[in-house]
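Welcome, and thanks for taking a look at this one with us. Below is a short briefing to read alongside the structure.

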Amino acid sequence: GTTTPAYLDALAESTIRVSKTLYVPRRDSIFDIDEIDNALSTYLSTGYMLIKDVDSFLVFPNVGYEWNIFLLESYLMYFSKEYALCNNGKSLNNVAGALVKRNSGFDEFEDVCADVLANGYIELTKNKALDYLGELNLLTRKSYAGIDKAIAKAKQIRNRKG
């Protein structure tokens, strides 16, 4: 599989990604964390949602840059108190994964994947599961080391539901 290029990690240490190609120094951050977390709370009716389903940023406060999925990724990774971004790694061209409420029972990526798979109308095989999670933009790349455990948990969830 592919790994995150080293320079991406280095960039992330000191910067905020405000668009696909623009990074700004993190020390210049002007996030109002309480206000932004409050805006995020209007999106979640359960413990998590797919990041791709955040399709409007109208409720977000002005931070000096236009809100987009990349800015949201930076915010979730480094600033939010109540929410986190859960995925299987950073990607240069895409933001993938789930927006997760902390301490909601979905703190591990595996748990999010298991729940998504359990509720999806798919056969729980490795290939079908990876395809499905990829289609939903949950995976940054089409490999995921925890897929077998996620499938096992998904089967348990389905069995509990009957």
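Which residues does Ser-74 touch, not counting residues up to four places away in sequence? They are Ile-16, Arg-17 and Phe-79. Please keep in mind that this is a predicted model.

- Three strands make up an open sheet, ordered β3-β5-β4, and their pairing is antiparallel.
- The edge positions belong to β3 (48–50) and β4 (83–86); each has a single partner strand, so one side of each has no neighbour in the sheet.
- On average, neighbouring strands of this sheet are turned by 25° against each other, direction ignored.

**The β4–β5 pairing**
- Four bridges join β4 to β5 (residues 98–101) in the antiparallel sense.
- Tyr-83 has Lys-101, in β5, as its bridge partner.

- Helix α3 (residues 69–78) lies across β4 and β5, and its direction is at about 115° to β4.
- Helix α4 (residues 109–119) lies across β3, β4 and β5, running at about 70° to β3.

**A closer look at Ser-74**
- Ser-74 sits in helix α3, the helix that lies across β4 and β5.
- Is Ser-74 buried or exposed? Its relative accessible area is 5%, and the cut-off for buried is under 20%, so Ser-74 counts as buried.

How values were computed:
Residues are numbered from 1 along each chain as its sequence is written. This is a predicted model: local features need pLDDT of at least 70, side-chain atom pairs count only at pLDDT 80 or more; totals for chains, interfaces and linings use all residues. Side-chain values use heavy atoms; hydrogens and water are left out. Two strands pair if DSSP finds at least two bridges between them. Helices (H or I, at least four residues) and strands (E, at least two) are DSSP runs, numbered from the N terminus. Axes are lines fitted to C-alpha atoms, for helices over the stretch in contact, and angles run from 0 to 180 degrees between N-to-C directions. Contact means heavy atoms within 4.5 Å. Buried means under 20% relative accessible area, exposed over 50%, partly exposed in between (1.4 Å probe, protein chains only).
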